[in-house]
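Here are my notes for a first look at this entry. Please read them with the model open beside you.

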Amino acid sequence: MYRVMLIDDEESARKLMKASIDWKALNMEVVGEAASGIEAINIIDDVKPDIAFVDISMPFMNGIEFTEIAAKRYPHLIIIIMTAFDEFEYARKCVSLPVFEYMLKPIKRIEVTEVLQKVKTQLDVNPRNSDYDNDESGNEPDESPVEQIQNYIKENYTDSKLNLTEISEMFGFSSSYLSRKFKQETGMNFVEYLTECRMEKAKQLAVTNKKMFAVANEVGIPDPNYFGRCFKKYTGLSYSDYAKSVE
Amino acid sequence: MDTTKGKKTLNQELWLLLITVLAMFVVTFVVSSAFISQKERYDYEIRESETMINGVSGSISSSIGTLKNLSRLVMLNDAAVKFLRAKEYTVGDINDARYGVMDVMNATSNLDSIFIFRNDGGYMNTGKGRYIVDFELMEDYPWRNNILKERGGAIIMVNAGGAITRRNEETIITIARAIYDINSQKLTGILLMNFSTSMLDEAINSQGDKNLCIVTSDGEYLSGDEGMCGYFATEFLTDTIVHKMVDINGEKVMISGYQIPDTPLVVMSFTDSNINVMSNTTMYAMLSMVLVFIIAMILAANFITRNITKPIADLTGAIELTKKSGYLEKLNVKVPDNEIGTLSDSYNGMVDHVNQLFGELIEKEKSVQRAEMDALHEQIKPHFLYNTLETIGYMALSDGADDVHEALETLGSFYRNFLSKGEHDIPLSREISIIKDYLAIQKLRYGDVINDEYDIADNVLDWQIPKLILQPVVENSIYHGIRLKGEEGLIKITGYEEDGDLHLIVYDSGLGMEQDVIDKMLSTEPKDDKMEKEHSDVAKHLLSGFGLRGTIERVRYFCGRDDVVKIRSEVGEYAEIEFIIPSRHN
């Protein structure tokens with residue numbers, strides 16, 4: 001089964017895509033969704049998609065910016081850009097991007113299926129190394145890098161583009177190794193740790209009566225919707241409730 | 001040229017002018033040449049007559065002079081002197097004198113007779129005829145005084161003033177002088193020397209002209225043409241030649257007269273009016289002037305035609321041509337490099353300027369339209385529409401209403417193409433997919449009333465055509481064709497290439513169109529205000545599918561020609577609209 005990730009700020013678009021395409025017939029499944037580029041960067045290492053549908057017009061980090069980052073970090077990822085017609089030419093201009101296909105919205109099942117058929121054929125013919133599971137490189141170092149990485153995260157969590165793959169590359173490990181090692185040593189996975197750092201900082205800032213969007217920006221999650229979800233998940237309270245409760 | 005019908009062209013006016021001038025010239029020429037010839041004839045006649053008269057009178061004067069000298073010889077003749085000096089004279093004296101005088105007389109042919117009178121009335125004479133002498137007259141004081149007052153000088157008289165006449169009545173001319181004795185200087189007698197008119201005849205003959213006549217100062221005939229002496233007038237009695245015109249048998253004849261000085265002789269001449277006095281040289285000069293003038297005029301006309309009217313006609317033709325072609329094009333006619341050339345250059349400059357203005361205007365118009373379209377798109381907010389469609393689509397899908405989802409998907413696809421902006425031209429394939437979506441939705445509405453067929457050649461699928469030129473036609477086919485007929489109908493889209501042009505045909509088996517409707521649709525006349533108003537509302541424009549007529553105009557504008565749209569129809573059977581898109585757009 002090929003893993004598909006849908007990145008679109010419109011929930012209905014994601015839902016429709018998920019529901020209307022016969023994924024099974026294509027030997028695919030939708031394994032993750034993200035409502036913004038920011039969220040996608042954050043969760044992509046957990047979702048581990050082979051194929052990503054990316055909407056161009058998204059707030060905070062649009063499809064093009066996301067694609068630029070993702071293409072660099074996940075060279076095997078097949079990216080399909082979804083766009084309304086008025087952005088089509090703009091998207092086309094980014095020809096340097098290794099995009100598999102540009103597609104017009106609103107989607108037409110037959111068109112999407114056709115493109116996915118092509119993707120499937122390509123993946124079937126050229127089974128590629130996954131960007132996420134390349135364990136075999138695993139020359140495991142004697143010294144654990146986790147502490148070092150933790151420090152790095154603490155210092156750099158405000159960078160909204162920070163994620164597991166980036167750090168792995170930076171420190172010269174495979175992401176799966178690092179992910180495993182990280183969990184072993186800290187008891188939590190990478191994303192949880194990164195989020196914890198950000199949320200702790202956010203809790204501090206919430207006390208100062210700062211607006212949520214400003215805090216979200218400051219802690220490296222400039223998408224306030226995603227930030228809000230993360231915050232609620234982490235603290236059990238919405239940002240505004242939390243701010244009130246502390247008062 | 002149609003535009004010059006009913007008015008004179010410059011060329012025509014030019015020729016008219018030239019012909020008028022020529023006519024005026026000819027008239028002037030004829031009149032003036034007649035006048036000049038008249039004048040010249042007159043001058044010629046005067047010249048001729050003066051020559052003749054002067055010739056005759058000169059001849060006569062010189063003859064008379066000779067005779068006068070001869071008369072001196074007579075006076076000095078010894079025998080004559082002796083006859084005059086003798087107190088008593090004998091017949092022998094008279095005979096001596098006669099013989100002496102005869103010597104003189106014989107020397108001159110024209111001498112008629114010589115009379116020498118003594119103071120006492122005796123006389124001698126010698127002559128060629130018989131004479132009557134009027135002694136009484138000779139005794140009269142006036143007669144004698146007339147001679148004596150000259151103190152020996154000669155006077156000329158006719159018939160010796162009436163004193164001597166020939167018995168045969170031939171007129172004689174007399175040279176009379178008083179004779180004075182050489183020694184005593186006393187008056188001794190009177191000499192009358194007579195000569196005959198044959199001397200005058202000789203003078204006239206010497207001029208070789210019969211139109212001469214010599215008369216006495218009383219108008220009596222002496223010599224020449226006797227018939228002429230009736231025209232004698234006293235005004236001729238001057239020492240200058242006098243000319244007068246006389247009517248003879250309806251012909252103008254010039255009579256000139258002149259009295260030979262110191263004589264009672266008047267010379268008259270008639271000039272022959274029949275001779276052509278107009279000199280050939282003058283005639284040729286004038287004729288060649290006319291010829292030169294005509295040639296000059298033809299050359300001038302030709303010059304003007306070639307350098308002005310022809311280039312102007314060429315220019316006008318070229319301008320007409322560019323007018324018909326619908327574009328303002330620069331002229332490429334060969335015109336002379338003068339003011340006409342400047343005109344052509346100026347026109348081309350103006351064309352540039354106008355085209356530039358057109359361009360600006362069109363740009364402006366386009367930007368306004370684009371702004372309106374942008375505003376419209378903004379109003380419609382495709383994202384909102386698409387997201388809503390997707391949301392409803394998902395709702396339908398999750399409720400198991402697959403057909404609803406399908407309809408929404410088609411609608412979304414239709415609007416995706418229909419509302420796409422930024423492009424005016426799209427590939428034919430996309431226009432076809434718009435039509436397919438459109439008809440799919442319309443079929444949902446009207447069920448199986450509509451059938452559609454497509455016959456598009458593969459090689460034209462990528463041709464660029466103006467966006468949305470087929471959809472309004474199809475819409476028209478449904479609402480004004482098939483729906484009105486009330487039975488199942490076919491819409492067929494055909495596309496193929498022929499001679500490099502793309503032919504797009506929308507056929508429907510609907511109600512068809514009346515010819516006047518077709519004519520109205522194809523009319524290139526500007527739309528009336530009402531229609532214009534309808535179309536100015538962009539939203540209506542778009543939502544009503546631009547309307548068929550608006551579409552036809554757009555296709556014509558796109559192709560830059562009017563003949564790219566054809567409509568064929570049979571009322572009650574079918575209607576067929578064909579667009580022919582020239583290859584230069586692909």
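Two residues are in contact if their C-beta atoms, placed from the backbone, lie within 7 Å. Keep in mind throughout that this is a predicted model.

1. **B:Leu490 and its partners.** Start with B:Leu490, which sits in strand E16 of chain B, residues 489-498. Setting aside neighbours within four places in sequence, B:Leu490 is in contact with B:Asn451, B:Glu453, B:Asp508 and B:Ser509. Look also at B:Val449, which is 41 residues away from B:Leu490 along the chain. The C-alpha atoms of B:Leu490 and B:Val449 are separated by 8.4 Å. B:Leu490 counts as partly exposed because it has 15 C-beta neighbours inside 10 Å.

2. **Chain A overall.** Chain A has 247 residues, and 41% of them count as buried. Its secondary structure comes to twelve helices and five strands. Take the contacts in chain A between residues at least 6 apart in sequence: 64% of these join residues at least 24 apart.

3. **Where the chains meet.** On the chain B side, 19 residues are in contact with 16 residues of chain A. Helix H9 (382-398) and helix H10 (402-418) of chain B each supply at least two residues to that side. H9(B) gives the most, with eleven residues. By class, the side of chain B that touches chain A has five nonpolar, ten polar and four charged residues.

4. **The largest core.** In soluble globular proteins, nonpolar side chains tend to be buried together. Here the largest nonpolar core holds 101 residues. Which of them touch the most other members? They are A:Ile7, A:Ala52, A:Val54, B:Leu470 and B:Val474. Helix H9 of chain A, residues 190-207, provides the largest share of this core, seven residues.

5. Not counting residues up to four places away in sequence, A:Ala52 touches A:Met5, A:Ile7, A:Ala70, A:Leu77 and A:Ile79.

6. **A helix pair in chain A.** Two packed helices are described by the angle between their axes and the distance between the axes. Helix H2 (residues 37-47) and helix H3 (residues 63-73) of chain A have axes that come within 9 Å. These axes cross at roughly 25 degrees. Angles under 35 degrees count as roughly parallel, so H2(A) is roughly parallel to H3(A). Their crossing is right-handed. From H2(A) come A:Gly37, A:Ala40 and A:Ile41, which meet A:Gly63, A:Glu65, A:Phe66 and A:Ile69 in H3(A). The residues of this contact divide into four nonpolar, two polar and one charged.

7. **A helix pair in chain B.** Helix H1 (residues 10-76) and helix H6 (residues 198-206) of chain B come within 8 Å, axis to axis. They cross at roughly 140 degrees, and the crossing of H1(B) and H6(B) is right-handed. H1(B) brings B:Gly55, B:Val56, B:Ser59, B:Ile60 and B:Ser63. These meet B:Met199, B:Leu200, B:Ala203, B:Ile204 and B:Ser206 in H6(B). What is the make-up of the contact of H1(B) with H6(B), by class? It has six nonpolar, four polar and no charged residues.

8. **Backbone points to check.** Most residues other than glycine have a negative phi, and most peptide bonds are trans.

9. **The cis bond.** A cis peptide bond joins A:Lys105 and A:Pro106, with omega about 0 degrees. A:Pro106 lies in the loop between strand E5 (101-104) and helix H5 (109-125) of chain A.

10. **B:Asn159.** This residue is not a glycine, yet B:Asn159 has a positive phi of about 50 degrees. B:Asn159 is found in the loop between strand E4 (155-158) and strand E5 (164-166) of chain B. Is B:Asn159 buried or exposed? It counts as buried, because it has 21 C-beta neighbours inside 10 Å and the cut-off for buried is 20 or more.

11. **B:Asp262.** Phi of B:Asp262 is also positive, near 60 degrees. B:Asp262 has its place in the loop between strand E11 (251-259) and strand E12 (265-271) of chain B. With 14 C-beta neighbours inside 10 Å, B:Asp262 counts as partly exposed.

Key. Residues numbered from 1 in each chain as written. Chains lettered and ligands numbered in written order. Predicted model: local features only at pLDDT ≥ 70, side-chain atom pairs only at ≥ 80, totals over all residues. Helix = DSSP H or I, 4+ residues; strand = E, 2+ residues; numbered from the N terminus. Nonpolar A, V, L, I, M, F, W, Y, C, P; charged D, E, K, R; others polar. Core = buried A, V, L, I, M, F, W, Y, C linked by C-beta atoms within 7 Å. Buried ≥ 20, exposed ≤ 12 C-beta atoms within 10 Å, placed from the backbone. Axes fitted to C-alpha atoms, helices over the stretch in contact; angles between N-to-C directions. Parallel < 35°, antiparallel > 145°, perpendicular 65-115°, else oblique. Left-handed = near helix turned anticlockwise from the far one by under 90°.
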